[in-house]
Amino acid sequence: MCAMTLNEFAEEAAHICRRVEAVDRPRRVAPVLEAMLSNGWLLDDAARACPPNGYGRNPIHIDPDGLFSVLCMVWPAGIATPIHDHKVWCALGVYEGVMEQRHYKPADPTGGCDDCHVCDVERLAAGAVCHLPVNDVNIHSMHNPTDRAVISIHVYGGNTHAVGPNLLRVYRA
Ligand SMILES: [Fe+2]
């Protein structure tokens, strides 16, 4: 069986987004993303680019109707994001390497402060996908715990150029 191409993924993801409400899109898109992760020809050099500081965040597809965006994230060894929640829905999968994701609960469920505590830690190896809940707590951080770069593919709701970084609020553990 051939791995899914980016065009095939984009077609299927658009089909899903037209059929289902935003709240169900990440759950439905994640298994489609999984089918694309074994495609060894998915990324060119531009997609794999990484700035000298921080991590690479390279759009590889924007849905023409603005339903979703596909980004290639390049994580240098040891890097971690701030603890954050999200503006738009998100499904993600690891393409190369092993990524650690931490999930958090807010100290104040009414949003009165930025404190939170970790409630789950998961290791995502190449080929693994996950998605974040919509309209519910989706505070997490991403960390490359290894000594080599990791690449993950993220699918975000909307046009990423209009939405900007998918980060609503930064928390502290
Ligand atoms: Fe995130």
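Q: Which residues have the most contacts inside the largest nonpolar core?
A: Welcome to this predicted model, where local features need pLDDT of at least 70, side-chain atom pairs count only at pLDDT 80 or more, and totals for chains, interfaces and linings use all residues. Residues are numbered from 1 along each chain as its sequence is written. A nonpolar core here is a set of buried Ala, Val, Leu, Ile, Met, Phe, Trp, Tyr and Cys residues joined through C-beta atoms within 7 Å. The largest one has 35 residues, and those with the most contacts inside it are Ala13, Leu33 and Val155.

Q: Which element gives the most to this core?
A: Elements are DSSP runs numbered from the N terminus: helices are H or I with at least four residues, strands are E with at least two. Those giving two or more residues to the core are α1 (6–19), α2 (25–36), β2 (68–75), β4 (90–96) and β9 (150–157). With seven residues, the element that gives the most is β2.

Q: With which residues is Ala13 in contact, leaving aside its neighbours within four places in sequence?
A: Two residues are in contact if their C-beta atoms, placed from the backbone, lie within 7 Å. With neighbours within four places in sequence left out, the partners of Ala13 are Val29, Val32, Phe68 and Val155.

Q: What is the order of strands in the open sheet of five strands?
A: Two strands pair if DSSP finds at least two bridges between them. Within this sheet, β2 and β9 run antiparallel and are joined by eight bridges, and Cys72 stands opposite Ile153 in β9. The pairing in the sheet is antiparallel, and the order is β1-β2-β9-β4-β7.

Q: Which strands stand at the edges of the sheet?
A: In the order β1-β2-β9-β4-β7, each edge strand has a single partner strand, so one side of it is left without a neighbour in the sheet. The edge strands are β1 (56–62) and β7.

Q: What angle does the direction of α1 make with that of β1?
A: Axes are lines fitted to C-alpha atoms, for helices over the stretch in contact, and angles run from 0 to 180 degrees between N-to-C directions. α1 packs on the sheet, touching β1, β2 and β9. The direction of α1 makes an angle with that of β1 of about 75°.

Q: Is His131 buried or exposed?
A: A residue is buried if 20 or more other C-beta atoms lie within 10 Å of its own, exposed if 12 or fewer, and partly exposed in between, with C-beta atoms placed from the backbone. His131 is found in strand β7 (residues 129–131), and its contacts beyond four places in sequence are Pro26, Arg27, Ala30, Cys90 and Ala91. Because 20 other C-beta atoms lie within 10 Å of His131, this residue is buried.

Q: Which residue in β8 is the bridge partner of His103?
A: Strand β5 (residues 98–106) is joined by nine bridges to strand β6 (residues 116–125), antiparallel, and there His103 stands opposite Asp120. β5 also pairs with strand β8 (residues 139–143) in the antiparallel sense, over five bridges. In β8, the bridge partner of His103 is His140.

Q: What is the radius of gyration of the protein?
A: This radius is taken over C-alpha atoms, and the globule rule is 2.2 Å times the number of residues to the power 0.38. With 173 residues, a compact globule would have a radius near 16 Å, and the protein agrees with that, having 16 Å.
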